[in-house]
Amino acid sequence: MSRLEDDRRQIDEIDAELAALFERRFAVVRDIIEYKIENRLPILDSSREKEIIEKNAARISDDDMRIYFRKLYMDMLDLSREFQDDIVKEK
């Protein structure tokens with residue numbers, strides 16, 4: 001197996017783990033929006049989002065990668081709000 005093939009195999013394994021974690025995270029997001037609906041809370045909590053981004057970005061030791069991880073988290077939080085908004089619209 002070439003180095004490229006090995007690296008691609010590793011990426012495939014990582015992607016499978018990411019997909020499972022994404023589903024797990026969004027299942028919890030679904031529970032959170034149910035709570036927010038029941039308690040008439042807004043979808044967006046800006047201070048919480050900033051906290052999440054900074055806390056998780058601090059876990060990245062490679063300074064060059066941290067900015068990309070921060071962008072990934074911002075995108076994921078955007079998707080999370082979109083998902084929550086869709087659920088609210090269905091209710």
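This is a predicted model: local features need pLDDT of at least 70, side-chain atom pairs count only at pLDDT 80 or more; totals for chains, interfaces and linings use all residues.

Me: How many helices and strands does the protein have?
Reply: The count is 3 helices and 0 strands.

Me: What box do the C-alpha atoms fill?
Reply: Roughly 55 × 25 × 15 Å, along the principal axes.

Me: And what share of the residues counts as buried?
Reply: 18% of the 91 residues.

Me: What about contacts between residues 24 or more positions apart?
Reply: They make up 64% of the contacts that have a separation of 6 or more.

Me: OK, helix packing. At what angle do α1 and α3 cross?
Reply: Roughly 50 degrees. Helix α1 covers residues 3-38 and helix α3 covers residues 63-90. Their axes come within 10 Å.

Me: Which label does that pair get, oblique or perpendicular?
Reply: Oblique. Roughly perpendicular would take 65 to 115 degrees, and the crossing here is at roughly 50 degrees.

Me: Left-handed or right-handed?
Reply: α1 passes α3 in a right-handed crossing.

Me: Which residues make the contact?
Reply: From α1: R25, F26, V29, R30, I33, E34, K36 and I37. From α3: Y73, M76, L77, L79, S80, F83, Q84, I87 and V88.

Me: How do those divide into nonpolar, polar and charged?
Reply: The contact of α1 with α3 has 11 nonpolar, 2 polar and 4 charged residues.

Me: Switching topic. Where is E49?
Reply: In helix α2, which spans residues 46-57.

Me: Buried or exposed?
Reply: E49 is buried. Its relative accessible area is 17%, and the cut-off for buried is under 20%.

Me: What is E49 in contact with, leaving aside neighbours within four places in sequence?
Reply: L44, L77 and R81. L77 also belongs to the α3 side of the contact with α1.

Me: Last one, R40. Where is that?
Reply: R40 sits in the loop between α1 and α2.

Me: What is its phi?
Reply: Positive, about 50 degrees, although R40 is not a glycine.

Me: And is R40 buried or exposed?
Reply: Exposed, with 79% relative accessibility. The cut-off there is over 50%.

Methods. Residues are numbered from 1 along each chain as its sequence is written. Side-chain values use heavy atoms; hydrogens and water are left out. Axes are lines fitted to C-alpha atoms, for helices over the stretch in contact, and angles run from 0 to 180 degrees between N-to-C directions. Helices (H or I, at least four residues) and strands (E, at least two) are DSSP runs, numbered from the N terminus. Angles under 35 degrees count as roughly parallel, over 145 as roughly antiparallel, 65 to 115 as roughly perpendicular and the rest as oblique. A crossing is left-handed if the near helix is turned anticlockwise from the far one by less than a right angle, and right-handed if clockwise. Contact means heavy atoms within 4.5 Å. Ala, Val, Leu, Ile, Met, Phe, Trp, Tyr, Cys and Pro count as nonpolar, Asp, Glu, Lys and Arg as charged, and the others, Gly among them, as polar. Buried means under 20% relative accessible area, exposed over 50%, partly exposed in between (1.4 Å probe, protein chains only).
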